[in-house]
Amino acid sequence: RKGVSRRTPCRSLAAVGRRSDLARRFRFVPERWTGAERAVCCDGIVPGAALQLSHWRGNLTPADLKADTSTEIALRFVASAYAEPWREAPVLNNHFDTDGVLSVWTLLDPAAAQARRGLLVAAAEAGDFDAWHDDPAGLRVDAAIRALGETCTEDGAAYERALAALPELLDHIERHETLWGADWKRIQDAELDIETGRLVLG
């Protein structure tokens, strides 16, 4: 979902979604960054940003930071010597999806992100590539972020809700089956169809 519109108004969800103080540095910029400060764009390529951390085609991400997902690029960035001059820079994105949310959050809270590196990368891969590992947590985090986004009419509001909810979702995703349960059931049903021969891949 690369657009800026949503079908339903943004509404509160129990136990998640309070405004995050960290998000004060984040700007949702659907077109060009025109601010006076040098800014970093994550995932989506925002014209006018001074630094790109993106896996999108045509990106100008430093070669030694490149990876399959923007989340992994952001994790490499915050662990590198590149990061210090950009510590207070505005963080930008131009669309809402799981890889975008996780890469933005990594720049906003590097220590917390690095402590959850494996889960962040797994969730980003689930969101961008429909890939998941034996541990279903990454897939569930991706589904929960997408579900939060669907509660909002604008991508900027979706970011505010998802960034505020993220620490709780990462640490206690099992508590939020209302956000990921429907997707999880569809996957289990598909796996059963494959095992029983009702669905043939090829």
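**Ground rules.** I number residues from 1 along each chain as its sequence is written, and side-chain values use heavy atoms, with hydrogens and water left out. Since the model is predicted, local features need pLDDT of at least 70 and side-chain atom pairs count only at pLDDT 80 or more, while totals for chains, interfaces and linings use all residues.

**Sheet.** I looked up the strand order first. Four strands make an open sheet, S1-S4-S2-S3, with parallel pairing. Helices (H or I, at least four residues) and strands (E, at least two) are DSSP runs, numbered from the N terminus; two strands pair if DSSP finds at least two bridges between them. I have S1 (26-28) and S3 (51-53) as the edge strands, each pairing on one side only. On average, neighbouring strands are turned by 30° against each other, direction ignored. Strands S2 (40-42) and S4 (91-93) pair over two bridges, and I find Cys 41 opposite Leu 92 in S4.

Helix H2 packs on this sheet, touching S1, S2, S3 and S4, and its direction makes about 175° with that of S4. Contact means heavy atoms within 4.5 Å; axes are lines fitted to C-alpha atoms, for helices over the stretch in contact, with angles from 0 to 180 degrees between N-to-C directions.

I then checked the largest pocket, which has a volume of about 230 Å³. (A pocket is an open set of points on a 1 Å grid where a 1.4 Å probe fits, with protein on both sides within 12 Å along at least five of seven lines; lining residues have an atom within 4 Å of a point. The volume is the space filled by probe spheres set on the points.) Of its 17 lining residues, Arg 25, Trp 86, Arg 87, Leu 107 and Pro 110 are closest to the centre. Helices H1 (70-78) and H2 (98-108) each give two or more residues to the lining.

**Salt bridge.** I noted Glu 72 with Arg 76, closest N and O atoms 3.7 Å apart (cut-off: a Lys or Arg side-chain nitrogen within 4 Å of an Asp or Glu carboxyl oxygen). Both lie in H1, four residues apart.
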